[in-house]
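Work through the exercises below with the sequence and the coordinates at hand. Each task is followed by a stepwise solution.

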Amino acid sequence: MRYHILTTDYDGTLASDDRVAPGAIGALKQLKATGRKLILVTGRQLEELKSVFPEYSLFDRIVAENGAVVYCPATLEIQLLGAPPPESFKQLLKKQNVPFVVGQVIVASWEPYQDAVLDAIRSTGLEYQLIFNKGAIMVLPPGINKATGLHHALHELHLSEHNTVAIGDAENDNAMLLAAECAVAVQNALPQIAGIADWTTDKPYGDGVVQLIDRLIANDLEDLDLCLSRHYLTLGRQMDGSPFRICPYGEKILLAGTSGFGKTTLAAAFIEKLVAKAYQFCLIDPEGDYQELPGVLTIGNSSQPPPVSEVIDLLTKAEENVVVCILTVPLADRRDYFKKLWHAVAELRRATGHPHFIIMDEAHHLMPREHSSGPVELPEDFNSFMVITTRPELLDRELVKKVNTALIMGEVPDQAMRSFTSLVAEEITLPPDQVLQKGDVMVWQKSHPQPRLIRSDMPVPLLLRHKRKYATGDMGYNSFYFNGPAHRTNLKASNLLMFIQMGSGVDDETWSYHLGRHDYSKWFRNSVKDEKLALCAEKIEGEALNPYASRKAIFQAIAERYTLPA
């Protein structure tokens with residue numbers, strides 16, 4: 001199962017005119033009966049929500065005040081992700097005759113009082129942010145929004161955004177939708193929200209949520225997979241220069257070939273793609289070759305074998321990637337060790353959806369074709385894996401039959417490819433006397449059985465701390481400021497996530513002003529230091545698109561390069 005969590009907004013999505021229809025309540029109960037978790041993410045204050053929605057306890061977590069408050073109905077525990085507003089700020093708003101209400105963290109007001117609110121923020125020296133929502137203004141501490149609140153709730157549940165489908169309707173749902181693996185808009189959603197969604201329902205409000213739930217129960221949204229190309233992982237370039245990309249879910253990859261032709265390099269590049277997109281992986285390392293991966297936990301070493309229970313304890317935390325070093329496990333025992341490990345990992349996957357990828361180096365030691373204890377029994381849901389070997393014919397036949405993508409490298413690629421295809425009973429036509437250079441890859445896919453040649457990507461050391469800072473941290477003086485032609489506003493976007501949040505809420509004149517000045521591409525290049533994103537933005541800025549289309553294009557370009565939250 002790919003989607004273990006349904007996350008929904010309340011007003012304008014699940015609810016209409018404050019209330020949730022009985023049909024939607026019934027659908028939520030049906031979905032929960034499948035073992036999935038429910039998270040409600042709303043701009044409302046918690047007590048106000050409880051008063052209008054008595055069935056709130058259906059949800060495993062409630063994220064209130066637009067991400068600032070996380071509540072567990074089962075334990076009644078409340079966590080505040082920000083500090084309450086200072087008295088000086090509230091008094092200044094009163095002095096300026098600004099209507100507002102105060103929650104545990106949030107201060108809420110309405111348009112057109114945003115300028116007065118900004119003046120109060122400047123006068124008190126606070127770094128508060130403004131988030132817009134259909135005429136409402138939400139004032140929150142920096143870095144707090146629906147995505148950060150959702151992330152905190154998922155962390156408590158040991159779950160991942162990559163196993164989450166989120167549905168919403170308004171500007172303040174932007175960050176939440178971009179953070180989720182699958183973003184859905186109800187039929188009544190604002191155009192800019194429908195523009196970033198992977199799918200928009202045919203029905204409005206709670207009926208749209210019911211429509212989503214029905215598809216989740218029917219096929220786990222399998223029919224939406226092709227809409228999620230923003231998550232695809234690029235492994236190299238085809239001969240015509242176009243990217244070769246794979247889906248991060250359901251791929252069963254064989255990487256085979258002789259040593260010295262870039263097999264390890266391609267594996268390292270693939271691992272970097274997983275890390276950059278925040279997909280959790282578990283890598284079984286028989287030779288101790290992967291112990292120096294930055295930001296990755298290693299269990300087991302040259303003197304201590306890794307206990308399976310400790311591996312699972314680490315993998316339970318969705319944000320942790322784990323290398324399992326089995327250097328001290330005797331060669332004859334590795335198959336049995338892997339069998340125990342795989343069954344434990346499979347159980348965790350069924351419960352949570354992660355780890356998202358299993359990588360098996362020297363896989364012929366872990367799942368050999370012949371073994372005294374017989375073949376490994378592979379469950380139907382054994383997917384999202386990469387097996388690495390020098391000789392595919394040495395692998396367990398049932399494992400090879402599951403492969404849907406083969407990446408062949410080395411001196412005799414035609415021989416290795418024929419060896420593989422004979423095992424899966426596929427007929428292929430290979431070019432005569434094919435010679436591969438180092439880094440060249442011959443690709444076979446079940447969906448594209450004619451072999452292709454690609455040039456594999458090279459791994460680049462990831463500056464993960466800085467990448468995370470640009471996505472969700474505080475860039476300080478390098479932040480982007482939306483002020484518009486008359487400098488009526490001065491809205492600070494302290495990172496890419498806040499840039500999307502603020503950009504969704506500013507008026508078309510302000511957005512177009514910065515677009516025409518090429519401010520977006522300049523910021524991406526000079527402050528975010530992402531040349532590819534800057535070039536993409538330059539192209540969009542030069543295409544004379546309307547505000548809606550240019551917003552959608554730039555937001556999607558960011559989402560394709562950064563997982564939000566990191």
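**Exercise 1.** In which loop is the place of Pro355?

Solution. The model is predicted: local features need pLDDT of at least 70, side-chain atom pairs count only at pLDDT 80 or more, and totals for chains, interfaces and linings use all residues. Residues are numbered from 1 along each chain as its sequence is written, and side-chain values use heavy atoms, with hydrogens and water left out.

Step 1. Helices (H or I, at least four residues) and strands (E, at least two) are DSSP runs, numbered from the N terminus.

Step 2. Pro355 sits in the loop between helix H11 (334–352) and strand S19 (357–360).

Step 3. The peptide bond joining His354 and Pro355 is cis, with omega about 5°.

Step 4. Another cis peptide bond runs from Glu111 to Pro112, with omega near 15°. Pro112 is found in the loop between strand S7 (107–110) and helix H4 (114–124).

**Exercise 2.** Determine the strand order of the open sheet of eight strands and name its edges.

Step 1. The order is S5-S4-S3-S2-S1-S10-S11-S12, with mixed pairing; two strands pair if DSSP finds at least two bridges between them.

Step 2. Strand S5 (77–80) and strand S12 (199–200) are the edge strands, since each pairs on one side only.

Step 3. Helix H5 (residues 146–157) packs on the sheet, touching S1, S2, strand S3 (61–64), strand S4 (69–72), S5 and strand S10 (164–168). Contact means heavy atoms within 4.5 Å. The direction of H5 makes about 155° with that of S3; axes are lines fitted to C-alpha atoms, for helices over the stretch in contact, and angles run from 0 to 180 degrees between N-to-C directions.

Step 4. Strand S1 (residues 5–8) and strand S2 (residues 37–41) run parallel and are joined by four bridges. Ile5 is opposite Lys37 of S2.

**Exercise 3.** Which residues of helix H17 (residues 508–516) are buried, and what do they pack against?

Step 1. Buried means under 20% relative accessible area, exposed over 50%, partly exposed in between (1.4 Å probe, protein chains only).

Step 2. The buried residues of H17 are Thr510, Trp511, His514 and Leu515. They lie on the same side of H17 because they cover an arc of only 135° around the axis, the arc being that of the directions from the helix axis to the C-beta atoms.

Step 3. These buried residues pack against strand S24 (480–482) and helices H16 (496–505), H18 (519–526), H19 (531–541) and H20 (547–561).

Step 4. After H17 comes His518, with a positive phi near 60°.
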